[in-house]
Amino acid sequence: MLKSMTGYGVSNIESESINVTVEIKTLNSKFLDIYCRVPRNYSEREIEIRNLITQSLERGKVEFTLTVQPVGKAVASTSVNRPLVSAYYQDLSETAGSLGFAPDTTELLRIALQMPNAYNNETVDESSKENDWSQIKVAVMEALRKCSVFREQEGRMTADKFAEYIATIQNLLDQVAEQDKTRIPAVRERLEKQVRDLLTDDNFDPNRFEQELIYYVEKFDISEEKIRLANHLTYFTETMKASESNGKKLNFIAQEIGREINTIGSKANDATIQHLVVQMKDELEKIKEQTMNII
């Protein structure tokens with residue numbers, strides 16, 4: 001089953017001491033590229049968070065944001081990191097000004113207080129902190145699950161598109177095969193004329209005649225290319241339906257499909273087939289673009 005590298009997942013959990021929000025956004029990338037925004041109080045957990053992301057998301061550019069706000073009695077042991085919040089507020093205000101509008105000051109403060117490390121947690125209760133981390137981990141796993149579900153849904157839609165593109169290329173290949181039946185007699189007629197010209201030539205060379213004949217036969221014959229292209233299309237469909245998503249393999253098969261299409265176009269020497277080849281290339285470009293976003 002195909003999985004897209006485009007995904008989104010968000011979760012929110014509130015316990016007696018904290019309110020946790022985890023947001024995950026993913027885009028396509030050749031490798032797993034993780035960017036984490038984690039509050040300073042939990043910076044030692046970043047490696048564990050990265051490991052959880054790696055196990056779940058495999059590949060792609062991942063933007064992870066963790067927001068932790070104290071609630072209830074925990075608020076009493078927490079103070080606002082005023083210098084940092086002030087810097088956030090100033091930066092947000094200047095950004096709004098550069099965009100040409102006057103922001104609401106209360107809204108700016110609310111946003112600044114939600115930014116990473118906006119609070120200083122003064123508690124030294126390790127057991128309480130460990131319990132908070134357990135809640136955070138639950139939120140992280142839920143956001144990862146939602147992101148994976150999102151990727152699977154996107155993958156299914158992409159698979160449907162792939163099926164359409166492959167079916168279109170197969171239909172065009174069938175038209176090429178039909179046109180090839182009318183093309184071959186014309187090619188044969190040209191070859192026969194050239195053979196007659198060679199036979200009537202006083203300088204007729206049997207060896208050159210054989211070389212010329214082999215050259216033209218190989219130049220115009222597209223039988224093998226048609227067979228290989230059909231096989232590549234079938235292989236693409238089989239790979240797409242495999243249990244594990246493999247965008248790199250699909251991209252490789254697409255390159256092989258393109259190679260056969262190009263060869264057919266260069267050898268056919270037929271206007272109708274050239275037109276069909278252009279249409280096949282158009283469909284193939286859509287496939288190549290989509291395979292770049294498959295895990």
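Predicted model: local features only at pLDDT ≥ 70, side-chain atom pairs only at ≥ 80, totals over all residues.
## Strands and how they pair

Two strands count as a pair if DSSP finds at least two bridges between them. Strands E1 and E2 are joined by eight bridges and pair in the antiparallel sense. One example to look for is Gly9, whose bridge partner in E2 is Ile24. If you follow the chain from E1 to E2, you pass through a hairpin of three residues.

E2 also pairs with E4, again in the antiparallel sense, and here there are ten bridges. Val20 shows this pairing well: its bridge partner in E4 is Val68. Now turn to E3 and strand E4, which covers residues 60-70. These two run parallel, and six bridges join them. Asp33 takes part, with Lys61 as its bridge partner in E4.

## The whole sheet

What order do the four strands take in the sheet? Reading across, the order is E1-E2-E4-E3, and the sheet is open, with mixed pairing. Its edge strands are E1, residues 7-14, and E3, residues 32-37, each of which pairs on one side only. From one strand to the next, the twist averages 10°.

Here is a handy general idea to keep in mind as you look at the strands. In a regular strand, side chains alternate between the two faces of the sheet.

## Two helices to find

Just after H7 comes Asn269, which takes a positive phi of about 55°.

## Pockets

Next, let's look for empty space. Rolling a probe the size of a water molecule over the atoms shows where such space is left.

How much space lies in the largest pocket? The answer is about 230 Å³. Its lining is made of 16 residues, and those nearest the centre are Glu23, Thr65, Thr67, Gln114 and Met115. The elements that give two or more residues to this lining are E2, E4 and helix H3 (105-113). By class, the lining has five nonpolar, six polar and five charged residues.

The second largest pocket has a volume of about 200 Å³. It is lined by 13 residues, and Lys30, Arg59, Lys248, Thr291 and Met292 are the closest to its centre. Sorted by class, the lining of the second largest pocket holds five nonpolar, five polar and three charged residues.

How many cavities of 30 Å³ or more does the model have? The count comes to two. The second largest cavity has a volume of about 30 Å³. You can trace its lining through Lys3, Ser56, Leu57, Glu58, Ser148, Arg151 and Ile295. Helices H1 and H4 (126-199) are the elements that give two or more residues to this lining. Divided by class, the lining of the second largest cavity has two nonpolar, two polar and three charged residues.

How values were computed: Residues numbered from 1 in each chain as written. Heavy atoms only, no water. Axes fitted to C-alpha atoms, helices over the stretch in contact; angles between N-to-C directions. 1 Å grid on protein atoms, 1.4 Å probe; cavity = no way out; pocket = protein on both sides within 12 Å on 5 of 7 lines; lining within 4 Å. Points joined across faces, edges and corners; volume = space filled by probe spheres on them. Nonpolar A, V, L, I, M, F, W, Y, C, P; charged D, E, K, R; others polar.
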